[in-house]
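Me: Could you walk me through a few backbone features, one at a time?

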Amino acid sequence: MSEHAPTALETLRHSCAHVMADAVKTLFPEAKVTIGPSIENGFYYDFDVPRPFSEDDLKAIESQMRKIAGKNLPFERQEITREEARELFEKLGESYKLEILDAIPAGETVTLYRHGEFVDLCRGPHVEHTGKVRAFKLLNTAGAYWRGDENNAMLQRIYGTAFPSPKELDEYLAFLEEAKKRDHRRLGKDLDLFSINETIGGGLVLWHPKGGRIRMTLEDFWRQRHLEHGYEIVYTPHIAREELWHQSGHLGFYKESMFSGMEVEGQPYLIKPMNCPYHIQIYKNNLHSYRDLPYRWAELGTVYRFERSGVLHGLFRVRGFTQDDAHIFMRRDQMAEELTTVFHFSLNMLKAFGFTDFVCRLATRPEGKSTGSEEIWTEATARLREVLEAWGGEYEVDEGGGAFYGPKIDIALKDSLGRQWQCSTIQLDFNLPERFDMTFINANSERERLIMVHRALLGSIERFFGILLEHYAGRLPLWLAPEQFRVVTVTNDQDAWASEVAGLLNARKFRATADLRPEKLNFKIRDAQMQKIPVILVVGKREVEERAVTLRTTDENTGKMIPIEEIFAMMEPQAEWPVIL
Ligand SMILES: [Zn+2]
Ligand SMILES: [Zn+2]
């Protein structure tokens, strides 16, 4: 529940929650009501009931809600004293409302909102009458602890959504349907790409051969493009002595997110939640001259961070993941050029995967404690702002939203369903160079403090892979597809030619297989389509005679017979890795 004045949509949704609570109390008089706020895409209400709500219960509640809406009952606001409120909710047996009442600060007005027989302790505001609530839908139920505390009673939450018009509601429900079809957890299972299981542990991902193939292509591409853009690749261990994490400050401000450690020959070690301190140690292994800078050191670095099991979610929220990390170590006079370059490298990397729409956010110096002089903050923030201005795309400024150690730019991409995913981050850091006393020898032979940038372009490989799957609904572009071609035969008489076609494709570095099973053609085509294989090559009697194939893509049956050499020429450009300028 946010502190801003509620928008019209939030008011509508919250009013709908009242209507739902009324319906629940009518159908389940023993239910106790708790709270019912509006949330990002709708609303919920938590009830204390003896058993969870069923699908049928939801339908019954919905139809009761329609009756209430049909009555156009006005929402009436009433100010009362605490004593009156206490008496009322005691009489109603609403013990949770009594707890809420006790939590209202002294001096604040206590208000009730009524419609018909239903009364709720609430700050408001609400719509005029229940008839305004007409385009709504109950979505699902879930268990939820009272006040989110697992020591409290388990309540039953009903989620719903509401819109000003039926048209908007229908659009949203269609969007939900589409999002469900594209759910990466479902695609991961159907296409046999990855799994997460309780034997290994929550939030720890197993990459299956086909998922591994995609990941390998993605990583090879990433490394190659980094080398071309002046980066060097480094590798660092998964654990390090506790002392390192003291010096980096992680044990001070990040301890809750770190896995507990282990002892090695009497020394405490911890599992890494970040790669930065390792790259810093590489830097500190030598003296560096101003002429050697900048360094751009990249690592696909696997890190482990503790997340509560309740928030884990497929590949989107995990406990072990691989950051596409890099650190840039540079002189102050290199800031403008480096920041411009890394920003465009980020955008172009995301574009290479087919994303075209981006929203950027600039986060500036927070109030209070921050590391680094006023002057360096001002300069760095100005440089970041210039980068965004010169780019000319959509960006917002989060004033004071930066970390204590430096300003940053975050880049979010919009996927095919219009959802935003923050992937790239480019962060200046004035803190770690101090903590680790990182310097270079300047032109006057003096030690000078260097400037450090942390950056990740895709964010984490796991999460980005999940985003890609949902964006493409599993139908990855040819260059990423684990199996690019499936050669299918009409009858087994064509097996020899089909195997030869697959062999010829594989010899040209395509990824192809031949389906020689003694099954019907349509069955084999259907199977290849279910596997989201981008190109299906059909081989029958005529194709054998002509050394040709008939081309079918995921979307269409071209019916065109094409000589195999032409297929190579046609597919090569599509299978090539995207170029990043
Ligand atoms: Zn209310
Ligand atoms: Zn870092």
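Predicted model: local features only at pLDDT ≥ 70, side-chain atom pairs only at ≥ 80, totals over all residues.

Me: What is the strand order of the open sheet of three strands, and is the pairing parallel or antiparallel?

Reply: As a general idea, strands of a sheet pair through backbone hydrogen bonds, either parallel or antiparallel. Here the order is S4-S5-S6, with antiparallel pairing. Strands S4 (76–80) and S6 (118–121) are the edges, each pairing on one side only. From one strand to the next, the twist averages 25°. S4 is joined to S5 (residues 110–115) by five bridges, and glutamate 79 has threonine 111 in S5 as its bridge partner.

Me: Which strands does helix H1 lie across?

Reply: Helix H1 (residues 8–27) lies across S5 and S6, and its direction makes about 125° with S6.

Me: What is phi at alanine 473, and is alanine 473 buried, exposed or partly exposed?

Reply: Alanine 473 has a positive phi of about 50° and lies in the loop between helix H14 (461–471) and strand S24 (485–489). Alanine 473 counts as partly exposed because it has 16 C-beta neighbours inside 10 Å. Arginine 547 also has a positive phi, near 50°, and counts as partly exposed with 13 such neighbours inside 10 Å.

Notes
Residues numbered from 1 in each chain as written. Chains lettered and ligands numbered in written order. Pairing = 2+ DSSP bridges. Helix = DSSP H or I, 4+ residues; strand = E, 2+ residues; numbered from the N terminus. Axes fitted to C-alpha atoms, helices over the stretch in contact; angles between N-to-C directions. Contact = placed C-beta atoms within 7 Å. Buried ≥ 20, exposed ≤ 12 C-beta atoms within 10 Å, placed from the backbone.
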